[in-house]
Amino acid sequence: MSRKRTVVLVGAGHAHLYVAANARELCERGARVVLVDPDEFWYSGLATGMLGGMYTSEDDRIDPRALITANGGEFLRDRVESINSGRRSMHLTSGREMAYDYLSLNVGSRVNNDLIPGMAGDSDVWPIKPISNLWRLRQTLEVRYAGGESPHLAVVGGGPTGSEIAANLHALARRCGAQPRITLLNSGERLVGQAPAGASRTLFRKLTKRGIKIETHTRVTRREPGTLVANDGRRIEADLVVLAIGLEANPLVHKLGLPTDPCDGLRINTYLHSIADARVFAAGDCAHMEGFHLPKLGVFGVKQARFIHGNILASLTGEALKNYEPQTRYLAILNLGDGTALSTWGPLWWNGHTSMWLKDWIDQRFLDGYRRASAANIH
Ligand SMILES: Cc1cc2nc3c(=O)[nH]c(=O)nc-3n(C[C@H](O)[C@H](O)[C@H](O)COP(=O)(O)OP(=O)(O)OC[C@H]3O[C@@H](n4cnc5c(N)ncnc54)[C@H](O)[C@@H]3O)c2cc1C
């Protein structure tokens with residue numbers, strides 16, 4: 001009888017939720033499937049709504065243990081510290097060593113707060129990743145607002161996430177009956193630079209109308225206590241800072257001894273495995289697909305999910321692997337915190353309550369599917 005091969009899934013990201021929900025298929029091909037994650041899956045689609053008070057933290061989470069164990073696999077609540085791809089083994093925070101036959105990485109991304117001096121180590125600075133930060137930020141603000149405080153909040157980064165965060169910080173202050181004092185700082189000329197110009201203008205108008213101060217052409221160069229210093233020497237009052245300056249791959253990918261891109265992650269091919277090791281797969285924000293520059297967005301991890309699952313399965317059985325071809329357009333919907341949302345699709349854009357309804361429907365359907373898969377075999 002042939003030896004059971006071990007497939008280790010590191011990180012309960014978007015793609016691995018799918019692999020976990022379908023782990024039985026891998027087990028039926030003679031594999032032992034283990035998912036390792038120190039946390040739960042926090043869904044970024046609902047994250048800004050959770051910050052603004054529209055959703056609870058339970059609404060936003062999926063328990064990876066329930067998901068994989070209901071579907072034939074195992075779960076290990078642990079963090080991978082380093083991986084030796086030559087020896088096919090990894091070292092975990094608990095001190096445990098684990099061997100693998102096939103490895104798949106879906107460990108996401110981080111905000112590099114070292115990029116702006118004075119940010120790292122300041123407890124009043126809140127990077128937008130991990131998503132659980134936004135839940136803790138909400139709790140912190142609720143306490144401060146309840147105590148009659150009205151801190152100055154600065155959001156650094158006027159991309160889609162920074163803009164959504166500013167809108168939902170405003171919503172949170174309003175829910176708490178507090179006076180919002182929010183500044184959104186953007187190094188470029190317009191918010192969400194990649195969106196159609198009309199969408200950017202509408203967003204700018206909507207946020208300024210609520211009293212959110214938007215400073216464009218403002219690159220933050222330094223954090224000092226209670227203040228941010230801009231490139232032109234201006235000082236911006238900021239008791240709490242939310243850092244939304246862009247995402248870079250989880251640094252774990254640089255600890256495998258395999259080729260990586262410094263910011264974008266493990267270099268993979270269209271089979272979603274390392275360009276140098278066909279036993280190491282990667283998906284989502286931690287992977288850099290050669291020849292493409294995919295934005296760090298959950299939608300790509302979701303689309304890669306079936307391919308990574310199918311290609312791990314094919315590797316076990318010796319069948320041909322399939323190419324993943326990324327889509328060139330995707331629907332982006334920003335929750336504006338007031339029951340409306342702004343949608344963009346290539347050059348098209350629209351906004352209003354219907355956009356928010358659509359976003360909520362898409363997000364809830366995604367999460368409900370995995371909640372059902374987690375409960376599938378409990379009885
Ligand atoms: C506030 C916010 C809102 C966003 N909104 C959207 C949106 O509406 N639509 C969209 O498409 N994208 C959105 N994004 C982008 C999106 O969050 C990321 O692209 C997405 O989370 C990447 O998913 P992933 O599957 O790569 O990893 P993630 O979903 O981030 O999962 C990574 C997992 O790896 C685990 N992990 C990390 N390190 C280790 C380790 N060493 N060992 C074991 N496990 C580890 C983590 O605990 C986590 O569970 C948003 C981002 C933010 C911050």
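Colleague: Which domains does the domain assignment of the chain give?

Modeller: Domain bounds here come from an automatic or database domain assignment. For this chain the assignment gives domain 1 (5–38 + 77–110 + 247–328) and domain 2 (113–246). Their C-alpha centres lie 33 Å apart. Residues are numbered from 1 along each chain as its sequence is written. The model is predicted, so local features need pLDDT of at least 70 and side-chain atom pairs count only at pLDDT 80 or more, while totals for chains, interfaces and linings use all residues.

Colleague: Which residues come nearest to the ligand?

Modeller: A residue is near a molecule or strand if its C-beta atom, placed from the backbone, lies within 6 Å of it. There are 34 residues around the ligand, and Gly11, Gly13, Ser44, Gly108 and Gly284 come nearest. Domain 1 and domain 2 each give at least three residues to this shell.

Colleague: Which helices each supply at least two residues of the shell?

Modeller: Helices (H or I, at least four residues) and strands (E, at least two) are DSSP runs, numbered from the N terminus. Helix 1 (14–21), helix 3 (47–52) and helix 8 (298–317) each supply at least two residues. Helix 8 gives the largest share, three residues.

Colleague: How many residues of the shell are nonpolar, polar and charged?

Modeller: Ala, Val, Leu, Ile, Met, Phe, Trp, Tyr, Cys and Pro count as nonpolar, Asp, Glu, Lys and Arg as charged, and the others, Gly among them, as polar. The shell holds 15 nonpolar, 13 polar and six charged residues.

Colleague: What order do the strands have in the open sheet of three?

Modeller: Strands of a sheet pair through backbone hydrogen bonds, either parallel or antiparallel. Two strands count as paired if DSSP finds at least two bridges between them. Here the order is 24-25-26, with antiparallel pairing. Strand 24 (331–335) and strand 26 (348–352) stand at the edges with a single partner strand each, so one side of each has no neighbour in the sheet. The twist averages 15° from one strand to the next; axes are lines fitted to C-alpha atoms, for helices over the stretch in contact, and angles run from 0 to 180 degrees between N-to-C directions.

Colleague: How many bridges join strand 24 to strand 25?

Modeller: Five bridges join strand 24 to strand 25 (residues 341–345).

Colleague: Are the residues on the two faces of strand 12 buried or exposed?

Modeller: In a regular strand the side chains alternate between the two faces of the sheet. A residue is buried if 20 or more other C-beta atoms lie within 10 Å of its own, exposed if 12 or fewer, and partly exposed in between, with C-beta atoms placed from the backbone. In strand 12 (residues 153–156), Leu153 and Val155 on one side and Ala154 and Val156 on the other are all buried. Strand 12 pairs in the parallel sense with strand 18 (residues 240–243) over four bridges, and four bridges also join strand 12 to strand 13 (residues 182–185), again parallel.

Colleague: Is glutamine 327 buried or exposed?

Modeller: Glutamine 327 is exposed, because 9 other C-beta atoms lie within 10 Å. This residue lies in the loop between helix 8 and strand 24.
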